[in-house]
Amino acid sequence: MIIKSLDHLKLISKKIADNISQKDCIYLIGEIGVGKTTFTRLFINYLQEREGIKQTEVLSPTFNLLYDYNVKNFKILHYDLYRIKDNKELDQLGIFKESFNSITLIEWPELIKKNITNRLELHLSYSKNDKERKLSIIGFGKWKNIIKNEF
């Protein structure tokens, strides 16, 4: 599909947020600057608004590797693995070792080998029109049916 505007991306982020559950994972795949962090910001801010809490600034965790956000009774973990070069570094992060209820968003997930049951992959790429983006959505587990019905 073609994302024609920021409002269009916001609508997609809301649809995804309305179907998300704790322990779900979203992989954000695409080149630098294509909109991965913008999607994440819209997604997190919508969940904060929906839960009646103050919206926070959502930054790219490129240098920190992880930012976490408390949203009432769950956490959102936002990873950026751009600087991770091998599986040893990835294992040290312990991404899937958390025991609490959380939603995980991962930018640059290409090194991850673990098969996450309920995973959504958003593949963003540039379009010929520089104000638009191409978006391909692939769902695993419960997301297969949601993708068929919602998008």
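**Exercise 1.** Are Phe39 and Phe43 buried or exposed?

Solution. The model is predicted: local features need pLDDT of at least 70, side-chain atom pairs count only at pLDDT 80 or more, and totals for chains, interfaces and linings use all residues. Residues are numbered from 1 along each chain as its sequence is written, and side-chain values use heavy atoms, without hydrogens and water. Buried means under 20% relative accessible area, exposed over 50%, and partly exposed in between (1.4 Å probe, protein chains only). Phe39 is buried, and Phe43 is buried too.

**Exercise 2.** Classify the ring pair of Phe39 and Phe43.

Solution. Rings of Phe, Tyr and Trp (its six-membered ring) pair if their centres lie within 6.5 Å; planes under 30 degrees apart are stacked, over 60 edge-to-face, and the rest tilted. This rule gives 2 aromatic pairs. For Phe39 and Phe43 the centres are 5.8 Å apart and the planes at 25°, so this pair is stacked. Both residues belong to helix H2 (residues 36–50), 4 residues apart, about one turn of the helix. Helices (H or I, at least four residues) and strands (E, at least two) are DSSP runs, numbered from the N terminus.

**Exercise 3.** Locate Lys23 and Lys72, and state their phi and exposure.

Solution. Lys23 is in the loop between helix H1 (6–19) and strand S2 (25–29). Its phi is near 80°, a positive value in a residue other than glycine. Lys23 has a relative accessible area of 57% and is exposed. Lys72 lies in the loop between strand S3 (66–71) and strand S4 (74–80), with phi near 55°, also positive. Lys72 is exposed, at 57% relative accessibility.
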